[in-house]
Amino acid sequence: MNKLAGFAYTALFCLGIAVLLSLLDVTEAFSETLIISLSIGWTIRASLVVFGPIVGSRLPAYVTTVVLTAAGLALGLGLAGLLNEGELLAYFSGNYASVILGVFFAIVGVSVFQAHSRLASAKAALVEADVVREKQEKALLSAELKLLQAQIEPHFLFNTLSNVVGLIHVDPVAAEKTLLNLTMLLRSSLNRTRQASVTLGEEMAIVRAYLEIQTIRMFDRLEFRFEPPEGEMTETLLNWPLPPLLVQPLVENAIKHGIDPSETGGSVIIKTKAIDNGIQIEIIDTGMGIDPNKSDAGSTGLKNVRGRLQALYGTQASLTLEDNEPSGLKVTLKILGDLE
Amino acid sequence: MNKSAIIVDDEPLLVEYLQSKLQKLWPELDIIGTAHNGRSALALATRAQPDVAFLDIHMPGLTGLQVAASLPTKTQIVFVTAFDDYAVEAFQRAAVDYLLKPVTDERLQKTIEKLQSRPAVARDDLIALIKDVTEGSKSYLHWLRAGYGDITVLIQDSDVVYFQSNQKYTDVVTRDKTYVVRQSIKELADELDPNAFWRIHRGVIVRVEQVTIAKRDLRGRYTLNLRDRDEQIICSQSYGHLFKQM
């Protein structure tokens, strides 16, 4: 369709040339001029359409255009000679007026049409870029929505509350501490989804609150530690900007799918360090690990974290899962550069 | 004669709490033991033959549901759970008693009355119920242990774009890397979720979600464009029916 339209526009352009030349009295018969102009216009167009893709893959674009235009022009003049005079080379003798006019208008015509098509493809590229950007924004939005839904797991909430109820009379101090931790967790998860970025220090406080609650629940089945402890982390690390709720869901996965299903429990270590122009966070647990044939455990949380990393950092961030020795899982999160 | 009971919950505080409540509301009940995971619960029940078992559902090792299926037939079962929509619904249908955590005195009182007056639910009904609650989880391969250089990483099935046969092994192609798994493409094809992954060639399995455009050529093969990769992959003629409706 596009190609047909191209030929139609060319015909219009050629008609314009014929009319112009006749009005200016440069040539004699209008019909003869129109035949010459159409022959040349269409042969050039045809030569560009047919041979353009073939030659274009081997030669630079401007060489292709010049060569094919010249060939089309020569062919068109020959064709017009045949049609008007019954002789192929009719316009290649005498005063060369037709050749000169042909070259002039060929240059004008090809330039105009090429400029137009370049503009069109630039517009198309712009539209495509818009589509890509829109797609990315949508992906981010949907990941955030899912995060919002997944945040407060009812099972966790009710179990924690049950523990608080159980503690109130026997250990009021622990009950209070647990409620404060739960409050912090809830508040942060409500606030932070509306926030674009938090600091690593803030995220670590959330992780600690979460782990302390889990320790109350699981008692001696869970141990955890931060390396280095939050108090010994450098200012740079503590103030490192992160998207909210990036580390906590990974720690939650380690507990829910690593430690909690294990009768003997295990430990979780959160290691943070600055790396060249970035940050590395490792979440290492000694729990059940992953049985590839069995579970898609934790896949939603991981998918979510991965989706947000991809949307926010592109290739600047990575999330790697490895088996931990002798048991459990090691999750490594690497982020280069700053959060936009 | 006084009834005997065991309490099973992986959270020690909750065992203590339920125990103290029961002692207050049903002093004649003889609590003969507690356990913190499924396996020790089974051992305890076999040894002690309790009249009543309070079972948490979520536990490491065996779940409360699995434990229930193997308890002595005389044992009446009360499930205790923090939040299980689907299970609670099933319990109501089968008239099995359950308690929601945190347990209130009023609700516990009702359970006590039921236990004192009613016989245990027939074991067959219970086993049918447990099947009902735990069913519908035929599992496919969701994780791949794959090599990348000299390290082994775990890849989630949703990160795979496609698999490509590589002699005895298989290449796993993700958005930005290619890994190797020590399995043939045929073995993989049998283990992957057939709704999520389609074999489109003798040597290629693609994740369906990744296919954006399928273009048919004159020989009946399809050329597939992928969402996260720039290269195109070929769906051979014999698998072409997969894309007929697209």
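Select residues 222-226 of chain B: this is strand E14, and it pairs with E13(B) in the antiparallel sense over 5 bridges. Strands here are DSSP runs of type E with at least two residues, helices are runs of H or I with at least four, and both are numbered from the N terminus. Two strands count as paired if DSSP finds at least two bridges between them. Zoom in on B:Ile213, which stands opposite B:Asn225 in E14(B).

Before moving on, a word on what you're looking at: this is a predicted model, where local features need pLDDT of at least 70 and side-chain atom pairs count only at pLDDT 80 or more, while totals for chains, interfaces and linings use all residues. Residues are numbered from 1 along each chain as its sequence is written, and chains are lettered from A and ligands numbered from 1 in the order in which they are written.

Now widen the view to the open sheet of 3 strands, ordered E13-E14-E15 in chain B. Its edge strands are E13 (211-216) and E15 (233-235), and each pairs on one side only.

Next stop: the other open sheet in chain B, with 5 parallel strands in the order E2-E1-E3-E4-E5. Then pick E1 (residues 4-8) and E3 (residues 52-56) of chain B, a parallel pair with 4 bridges. Here B:Ala5 stands opposite B:Val52 in E3(B).

What lies across E1, E2 and E3 of chain B? Show helix H2 (residues 38-48) of chain B, which runs at about 150° to E2(B). H1(B) lies across those strands too, at about 175° to E2(B). These angles run from 0 to 180 degrees between N-to-C directions, with axes fitted to C-alpha atoms, for helices over the stretch in contact.

Now show both chains. The contact takes 27 residues from chain B and 31 residues from chain A; residues are in contact if their C-beta atoms, placed from the backbone, lie within 7 Å. On chain B, H1 (12-25), E6 (143-148) and E7 (151-156) each supply at least two residues of the side touching chain A.

Last, select A:Val268. Among the residues this valine touches are A:Leu211, A:Phe224 and A:Val251, leaving out residues up to four places away in sequence.

Technical notes: Contact = placed C-beta atoms within 7 Å.
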